[in-house]
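Here is a short report on how this structure is packed.

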Amino acid sequence: MSVTFNKERKVAGWLLSAPLLLMLAALLIWPVYLGVKTSFTHDVLSEFATYGAGFENYKNLIHQPNFWLSLRFTLLYAFIATVAEVILGFALALLFDRVFPGKRVLFSLMLVPIMIAPSLMAVMYRLILNENIGIIPGFLQRIGINFSIFDQHNVFASLIVLDLLEFTAFTFLLSYSALQNMPSEIYEAAAIDGANARQVLTRVVLPMLKPAIAIIFLLRILDSIRTFDSVFILTGGGPGTTTQTVGIYIYKTAFIYGDFGLAASAAVVLVLLLAPFMPSIIKQFNLNQGGGK
Amino acid sequence: MRLKKTSIALVSALSLVVGLAVLPAANAATTVKMVLWPGPEGDAMQKVVDAYNTSQGKKDGVTVKMILLSRDNTFAKEAALMKSKSSEYDIYFTASYLVGQHAPYLSDLKGVKDSLYLKASVNSLKVAGKQKALPLDTSLHFMYYRKDLIASLSANAAKYTSIAKEVLGKDLKPNTNPATWSWDDALATAAFFTQKYNPDSPTKYGYALPAKNLLYNTMIWNDVLWGLGGNWLKNGKPNLNTATGKAAIDVYNTIYTKGLTSPESSQWEYAETNSALTSGNAAMALQWNAAYSELSTTGATKDQVGIAAPPGKGARTHVHALAVGLNKFSKNQAASAKWMAYLATVPAMKKYATAGGVPSMPSILTGMVAKNASFANIIEYAGKYGYSESAGAREFDIYAALAEVLSPAWSGQKTSSDVAAAADAAIQKLL
């Protein structure tokens, strides 16, 4: 009886999951399979024929200095932007974790940037930061500040700041939600023990929220590593390749140079580089959920 | 017997239903899907499409549906469709710098009358002697300058000479005729209109340099190279690691490092170059002919913009044609050919020009000079100074690779000597 019941439950489980699994297969597994397959083929737009190339694309990729330069830039950009966004987001969440007048309006305003597509934000930045017609350079010049936002010496910092303006809202939202889940008894206990605000933060709040912060950091850094649209629109990866992300490298290799095989191999390498992060995220997520139940 | 009657009735009813369903389909026009990009070309083409669909298209039994992909990524999307041998679109948008890459996926076009078109445009769309696409717009470059400013040079000859000596280390006198400018004249004039050297200059910078890592910016820089007598290739071998190649890189490097352009111009392309001119921040720029409409009617350049051929010992301008080609995998080859035959006629291209396009037919451009004065220059410059690189299937890739290699030198991060050998290597790899 019990064996039959378990079998029926199993079948029902598969049946209920089937639509999701089919969707996953169609939208994720199949494209990934095609991508991996392309990475083992000679697939160039200007040549009609496509044929198997073994590991040729991977060998070529290893000898592409631009791939390594773009990887270096991407990791540096992602790391700096993510660290800054996590710190800023958390600091803002602490500020909002109390009652003050106008909190609801300010809270809504804080979330506006994550509702706008990064490409749209980049186009907007291009307009408002345009030295000739932009509002911000015009204002800076009027008050006597001569600062070129997209001067090649400032471009890296400018890209980071623009990233912060868009994605700090994301880290803020997650940090705020984690803070809201902290039981008030813990704060009361800390107050009874005579802990001051700094001690509450460093010895109570931060240790308790460590798993949540780790998840926020990992989610954000994974997203940063995939950065494409905003940098592509603002700098095109230049001057030269100084601001070229791996995403831009892959895009250019496929759609400008027409080498789909090489581009696919770069995409596979990127996935392999990111894959080790996944168990950490799942582990941290389980910790956050109460020990992997 | 009864069953037989019922069967006959059912079959008759079914035939009637099928017949009624098939009848309109048999009479319906074949829909031809054509890709173009949004902007002036897409807007103008829509007028031609509408005119065709309501007149000639009815006779041909063809309805054209135009699909505008994004301006930035039309070619990327087409590349993916071509490689997958898709029949989704019947007619692809292409260009002379891309036709080599697209050629394997395009049908040969027959019956295109070369004599109707600008020679440089129609020839640039041939691959291995076969016409692969039909020219639409012709694009080339003008040296745009502020007429009011250039006219003031003569009155300031001593100051001009002194600034030229300071910036370029050369003894130069003002040349108020940009049509005869060498690059030294252009640079000295740009320095004169840069407030860093001449605080009385009405413009902050003398030049607007589109120096972003973008293949279309390489096309503009290429005019400097050709104007100095250079070329990508010599006897089939890369030719940029030469005195002429380095001199061409140095022109851009000098403009940037001497501060004749904004420090931000390392991220500039078409739109920023235009805004630098119309805002009154810059006095001159080498720019696409398409900018004329905006520059002649907007801001500081309104009614003051002058046009000359690009500077150089022998002026040269890059010429390319935007075009449409027939998808080899289209299931509507005959219908698409009918539409393209219409598109190749003078009346169709006249409609296109009236709606804002710049067709590659000299007879139409000549007739519309009153509407757009730059049309006369297009015919003249394309004929006299026009060139197109003939680097085969990878021409588009070479433009992109050179933008990547040369843009650090254009913006002063590296010198011409640092990048010239790498530029040759990039070309060699793609040949």
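## Cores and chain contact

The largest nonpolar core has 172 residues, and B:Tyr144, B:Ala190, B:Ala191, B:Tyr207, B:Tyr252, B:Leu406 and B:Ala423 touch the most other members. A nonpolar core is a set of buried Ala, Val, Leu, Ile, Met, Phe, Trp, Tyr and Cys residues joined through C-beta atoms within 7 Å. Buried means 20 or more other C-beta atoms within 10 Å of the residue's own, exposed 12 or fewer, and partly exposed in between, with C-beta atoms placed from the backbone. H18(B) gives the most to this core, with 11 residues. A second, separate core includes A:Phe167 and A:Leu174 among its 14 residues.

This is a predicted model: local features need pLDDT of at least 70, side-chain atom pairs count only at pLDDT 80 or more, and totals for chains, interfaces and linings use all residues. Residues are numbered from 1 along each chain as its sequence is written, and chains are lettered from A and ligands numbered from 1 in the order in which they are written.

Between the chains, 26 residues of chain A are in contact with 29 residues of chain B. Contact means C-beta atoms, placed from the backbone, within 7 Å. The chain A side divides as follows.

| Class | Residues of chain A |
|---|---|
| Nonpolar | 10 residues |
| Polar | 12 residues |

Nonpolar here covers Ala, Val, Leu, Ile, Met, Phe, Trp, Tyr, Cys and Pro; charged covers Asp, Glu, Lys and Arg; the others, Gly among them, are polar.

Helix H11 (residues 246-256) of chain A gives the most to that side, with 3 residues. Helices are DSSP runs (H or I, at least four residues), numbered from the N terminus. H11(A) is largely enclosed by the rest of the structure, because 10 of its 11 residues are buried. Its cover includes H4 (74-83) and H18 (395-410) of chain B.

Key. Contact = placed C-beta atoms within 7 Å. Helix = DSSP H or I, 4+ residues; strand = E, 2+ residues; numbered from the N terminus.
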